[in-house]
Amino acid sequence: MDSERDVRAQLQRAGQDHLLRFCADLAPEARAALLAELASLEADALREHCQRAAAAGALAPGPLPDLAARLQPLPPERVGSAIHCDQETRLRWEEEGFRQISLNKVAVLLLAGGQGTRLGVTYPKGMYQVGLPSQKTLYQLQAERIRRVQQLADQRQGTHCTVPWYIMTSEFTLGPTIKFFKEHDFFHLDPTNVVLFEQRMLPAVTFEGKAILERKDKVAMAPDGNGGLYCALADHQILEDMKQRGVEFVHVYCVDNILVRLADPVFIGFCVLQGADCGAKVVEKAYPEEPVGVVCQVDGVPQVVEYSEISPEIAGQLGADGGLLYNAGNICNHFFTRGFLDVVTREFEPLLRLHVAMKKVPYVDEEGNLVKPLRPNGIKMEKFVFDVFQFAKNFVAFEVCREEEFSPLKNDDTADRDNPSTCRRALLAQHYRWALQAGAHFLDVHGVQLTEQSGLLPNGDPPAICEISPLVSYSGEGLEMYLQGRQLQSPFILDEDQARLLRPQDC
Ligand SMILES: CC(=O)N[C@H]1[C@@H](OP(=O)(O)O)O[C@H](CO)[C@@H](O)[C@@H]1O
């Protein structure tokens, strides 16, 4: 191990020796931990990182300059649609997706290293429950969708398949996530098919280019963004694990979308039949300022321009049809072939841009007191998962229906949108629609039958509460046998037990 003198000398050369200013006050263990952390940061890499952060932070924040002239919507031949296609085509994509799943060629990969700052929780977002009647958490919903999609593939193809679940965590989320999964018996998935790995962390830096101490004995670190995926895949030999299992196609998604369709056979099938190496699901943007990236082309190359980097003028531009010109909203659901991920991790990762986020970073002042700043005082650098799209040989986008597939949990309930209430409503409204489509009738709290036309209530709630377990239906399929012609009293939960009760005798 490097001695304190060595570390100090290296940090001095890097202009970062302030990180040792409380070293003399520390108990031996804390001092050793700090020295180990500083040694692992490597002084040269730290200097470079701090200089890069300060330089990037000094540039005008917000929209990228000269973007307008370089931007174009994606050409139509690169975009498929689950909304505007005919039934036969959709079935063909779905069939292909299920075929690949049943051959064990499909994995899902969850990006779950974020800190949930906007939501205001100190635990991983996946452990959040939005107040559904079943009280299920995001992690449980996702686990059950994996189980169901495996089951559907098996039923069609007569197999016994596995969709492995890779979960990228960070220093903040790894411990609590493992504990949570163990406490819940991995939601009845085989633990050997749930692979947790950790992304790297990067130091937070002041506007003057100094790494920040968050405690006398600890540098302020933050996960390296969801684009940290590519280093993390290499660090933990995840692609080798995929290869051993025979995985060829990976559905990467972000933890916060309550409606996410894991390993969606329609999306997978579309991408595979298109021969794509990289793909993104999109929804039509709801309004110009919506905080979603837009999937488009920059200098003729497919890319995502993040909401923080697009000007209001460009975001509000209208196309010939009167809708938003840049209307392909990124929902952080990506398709990658393992081959593409392999090339990215080996060749292109170092080319990924670092994006700047100005954050309020708690720090210790000169006297060693903890300060919680009221205004941003630090720069965090992040890579974005979609920044690899530019390296794809055949990129495709796939448009899906927002109501069915996108409702993200970003904020707490004080915000108007993307909060626990909007997520809960989106899921319950979907299940209400599915139940009606399957021929159910609902009774209100007074036992009076609601009409089929009963729309959503003014607050967006469905007129009756109906929650359907993902173990019973993945995307609305197979519900007629339980619900056709039934009168259901709200609230109604269709879980596996209820499904057994409702199942006709001859099934
Ligand atoms: C770097 C990144 O992946 N940003 C994504 C991601 O945004 P966050 O605000 O970082 O959660 O999810 C959005 C969809 O919920 C998507 O539109 C956006 O482009």
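**Exercise 1.** Determine how the residues of the shell around the ligand divide into nonpolar, polar and charged.

*Solution.* The structure is a predicted model, in which local features need pLDDT of at least 70, side-chain atom pairs count only at pLDDT 80 or more, and totals for chains, interfaces and linings use all residues. Residues are numbered from 1 along each chain as its sequence is written, and side-chain values use heavy atoms, with hydrogens and water left out.

Step 1. The residues around the ligand include Arg-118, Asn-226, Glu-306, Tyr-307 and Lys-410.

Step 2. Ala, Val, Leu, Ile, Met, Phe, Trp, Tyr, Cys and Pro count as nonpolar, Asp, Glu, Lys and Arg as charged, and the others, Gly among them, as polar. The shell therefore divides into 6 nonpolar, 3 polar and 3 charged residues.

**Exercise 2.** State which distances separate oxygen atoms of the ligand from polar side-chain atoms of Asn-226 and Tyr-307.

*Solution.* For Asn-226 the distance is 2.8 Å; for Tyr-307 a polar side-chain atom lies 2.4 Å from a ligand oxygen. The protein covers 91% of the 440 Å² of accessible area (Shrake-Rupley method, 1.4 Å probe) that the ligand has on its own.

**Exercise 3.** Identify the salt bridge across the interface of domain 1 and domain 2.

*Solution.* Step 1. The domain assignment, which is automatic or from a database, gives domain 1 (67-404) and domain 2 (439-502).

Step 1. A salt bridge requires a side-chain nitrogen of Lys or Arg within 4 Å of a carboxyl oxygen of Asp or Glu. The rule finds 1 across this interface. The side chains of Arg-148 and Glu-477 meet in a salt bridge at 2.9 Å, N to O.

Methods: Near = heavy atom within 4 Å. Polar contact = N/O pair within 3.5 Å; in protein donor to acceptor, adjacent residues only side chain to side chain.
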